[in-house]
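Please take a moment to look over the sequence and the structure that follow.

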Amino acid sequence: MKFSQGILCLAFLFACLMPKAQADTDDNFTYKQETNIVIVSIIFSAISFFGSSFIVGTYLRHPELRSFVFQLVVWISASDIMFSIGNAIGNPPDGSGACYTQAVFIQFFGLSSAFWTCAIAFTVDRVYLKGHQVGDAIQLKKILHFTVWGVSTLLTILPATTGNYGPSTGWCWIDVTHNKEAGTAWRFICFYIPLWGAAIYNLVVYYNVNKALEEAIQAGAQNIDNIRQLQRMIYYPLVLVVCYAFGTISRIQQIFGPPVYELVIVHTIGMSSQGTLNAIVYGFTPSVRRVIFGDKTRQELPDVGDGMEEDYSIDRAESGAAQQKRKEDGLVSVNLESKSSVPVIEMTERVSSLE
């Protein structure tokens, strides 16, 4: 109920922002073109908003889905929700509070969403490629939160030091009209270079993980379904690539000439759709589908709790025989409450630990 009330409040905020989402005058486009950009931004941001809310709601509603990796996916979605709200402001006038707010929202939550995909890749790399335990989840989560929010904050503050938050072709972001050299530099130093650095890191990690998992399959590993589920995690960084590919092209093109309307439209659709695409990836995850559609024959999901929430783990309440059966099936969860937990050796056990 509390989550539903929260979604209603955020939806109401969307409704309040939409009437104010006017198209500010831009010398590069006609008023009609500016209006079209605003409309496209609001429509796709609204869809993304509800898609991200679906992920958060599913996580809160179904305790058995609260694995460590899914906790990180929820933080991606939380960032996407706030990013969508920023987009819903439209294209407010230069110098207004709404313009500055939108610029900060897009910069900060756009970066944090990208960095949380790195957090997933880092966790997967730590367990599967380097052979470590996830370790103390409470401490790991603190490190991840400090890094993601801290770096996002720093990269959001830097453009403000030169007064470069303002109109940015269809919405407010890092402005290049008042201080072109600084604005252009900030766009790439504070956003696109970190974003593509994150994307490249993610793709390298998932390439190596996928290679290791394929070798495990060829070697006769059990629990193939769980392995395939981990391989699907690559779709989260791919969403990042898809959503910002045209945006990057558009911003590079604007260095050498006036913005191209059609390219800006595609840019708008991409940047406003990250929450939607993440929700699609999440919704097609087998464990999520099994829980949502109530498949009684589904495998129970191993717990990867952090010791701070109520213990919903099924394997801790199982008998010794049941736990042995789960071990034979490769469903050995990683105990994150103690650094002295049993080392994870088998690839199939590692897969289950973060499912």
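A disulfide, meaning a pair of cysteine sulfur atoms within 2.5 Å, joins C99 to C172, with an S to S distance of 2.0 Å. The torsion about the S-S bond of C99 and C172 is about -105°, so this disulfide is left-handed. C99 lies in helix α4 (residues 97–129) while C172 lies in strand β2 (residues 172–174), so the pair ties together parts that are 73 residues apart in sequence. Here helices (H or I, at least four residues) and strands (E, at least two) are DSSP runs, numbered from the N terminus. A search of the whole structure finds 1 disulfide.

The model is predicted, so local features need pLDDT of at least 70 and side-chain atom pairs count only at pLDDT 80 or more, whereas totals for chains, interfaces and linings use all residues. Residues are numbered from 1 along each chain as its sequence is written, and side-chain values use heavy atoms, with hydrogens and water left out.

Both C99 and C172 are buried, a word that stands for under 20% relative accessible area, computed with a 1.4 Å probe on protein chains only. C118 has a relative accessible area of 16% and is therefore buried, and C190, with a value of 0%, is buried as well.

Turning to the helix residue, T268 is found in helix α9, which covers residues 261–271. Is T268 buried or exposed? Because its relative accessible area is 0%, T268 is buried. Leaving aside residues up to four places away in sequence, T268 touches I37, V40, S41 and W171, where a contact means heavy atoms within 4.5 Å.

Conventions: Buried < 20%, exposed > 50% of the residue type's maximum accessible area, 1.4 Å probe, protein only.
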